[in-house]
Amino acid sequence: MPKLALIRHGQSQWNLENRFTGWVDVDLTEQGVQQARRGGELLKAEGVDFDCAFTSMQTRAIRTLWLALEELDAVWLPVTKDWRLNERSYGGLSGLNKAETAEKHGEEKVLVWRRSYDTPPPPLEKSSEFHPRHDRRYNRLSDEELPDTESLKTTLERVLPYWESDIAPKLAGGENVIISAHGNSLRALMKHLFRVSDEDIASYEIPTGNPLLIEMGQDLSLQNARYLDSDRAKPLPDFK
């Protein structure tokens, strides 16, 4: 029975400052480092032997994976980094304080931008310092692949093909997989795996640094799923 561990990166500096982050590369806080290490400890206590790992191209997710693998005594695992596991782009909201943005545009409007399935925030100007076209790690991506803004729907449209082509075959072959990524790229994957409706996905949130361990059947159907830190767990969709 293959196992999949999903871990959202630990607290980042902009999480702490309550700012929209998206594709902007922001590092972990000291609390985020401790959350990542704790995630690794919890995974180690489960006794799962992981075979490979996947993460995004963003420092906060990469470092979370490194720290968790250190605790697992598994820094030797093959790790694949891919932009398709990046956080969703928050477009023109990138870098803005969430509370101040709500005061300016109204809490209801900002809630739609943040949590709705298919309504993206206003686009980010290509001249902005926060636009990924100015980041050399994305030099090989086309203009069409570099987002000006994204909704959860368009995030899923890049996450799902990557899941199907690169990650799911590992699990189908009996390998145990760990993915370190972001709140929305993991929510997009959760939507697919748990078959959550467009309307209901808005109510699900993934806590930072708390591994979600999923046991799968040979057909990759979900058999069991639970957060390993029960004190910091969030509700999960019904999948049985």
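**Note on the predicted model**

1. Helices H6 and H7. H6 and H7 pack with their axes 9 Å apart and at an angle of about 70°. H6 is therefore roughly perpendicular to H7. This comes from a predicted model. On the H6 side the contact is made by Leu 152, Thr 155, Leu 156, Val 159, Leu 160 and Trp 163. On the H7 side the residues are Asn 184, Ser 185, Arg 187, Ala 188, Leu 189, Lys 191, His 192 and Leu 193. Sorted by class, the contact of H6 with H7 has eight nonpolar, four polar and two charged residues.

2. Main core. The largest nonpolar core has 34 residues. Those with the most contacts inside this core are Leu 4, Trp 163, Ile 179, Leu 193, Ile 214 and Met 216. At least two core residues each come from strands S1 (3-8), S2 (52-55), S4 (177-181), S5 (212-216) and S6 (222-227), and likewise from helices H6 (152-172) and H7 (183-194). H6 supplies the largest share of this core, eight residues.

3. Leu 193 and the second core. Not counting residues up to four places away in sequence, Leu 193 touches Leu 4, Trp 163, Ile 214, Met 216 and Leu 222. There is also a second, separate core, of 14 residues, and this one includes Ala 53, Leu 65, Leu 77 and Ile 178.

4. The sheet. Six strands form an open sheet with mixed pairing, in the order S3-S2-S4-S1-S5-S6. S3 (79-81) and S6 stand at the edges and have a single partner strand each, so one side of each is left without a neighbour in the sheet. On average, neighbouring strands of this sheet are turned by 15° against each other, direction ignored. Within the sheet, S2 and S4 pair in the parallel sense over four bridges. Cys 52 has Val 177 of S4 as its bridge partner.

5. His 182. This residue is found in the loop between S4 and H7. With a relative accessible area of 0%, His 182 is buried. Leaving aside neighbours within four places in sequence, His 182 is in contact with Arg 8, His 9, Ser 56, Gln 58, Arg 60, Ala 61, Leu 85, Asn 86, Glu 87 and Arg 187. One of these, Arg 187, also takes part in the contact of H7 with H6.

6. Helices H4 and H5. H4 (residues 98-105) and H5 (residues 107-115) pack with their axes 7 Å apart, at an angle of about 125°. The two helices are therefore oblique to each other. H4 makes the contact through Lys 98, Thr 101, Ala 102 and His 105, and H5 through Glu 107, Lys 109, Val 110, Trp 113 and Arg 114. The residues of this contact divide into three nonpolar, two polar and four charged.

7. Arg 63. This residue is found in helix H3 (residues 59-71). Arg 63 counts as partly exposed, at 25% relative accessibility; the limit for buried is under 20%. Setting aside residues up to four places away in sequence, Arg 63 touches Asp 27, Leu 28 and Val 33. Arg 63 and Ala 168 are 105 residues apart in sequence, and their C-alpha atoms are 23 Å apart in space.

Conventions. Residues numbered from 1 in each chain as written. Predicted model: local features only at pLDDT ≥ 70, side-chain atom pairs only at ≥ 80, totals over all residues. Heavy atoms only, no water. Core = buried A, V, L, I, M, F, W, Y, C linked by side-chain atoms within 4.5 Å. Buried < 20%, exposed > 50% of the residue type's maximum accessible area, 1.4 Å probe, protein only. Contact = heavy atoms within 4.5 Å. Axes fitted to C-alpha atoms, helices over the stretch in contact; angles between N-to-C directions. Parallel < 35°, antiparallel > 145°, perpendicular 65-115°, else oblique. Nonpolar A, V, L, I, M, F, W, Y, C, P; charged D, E, K, R; others polar. Pairing = 2+ DSSP bridges.
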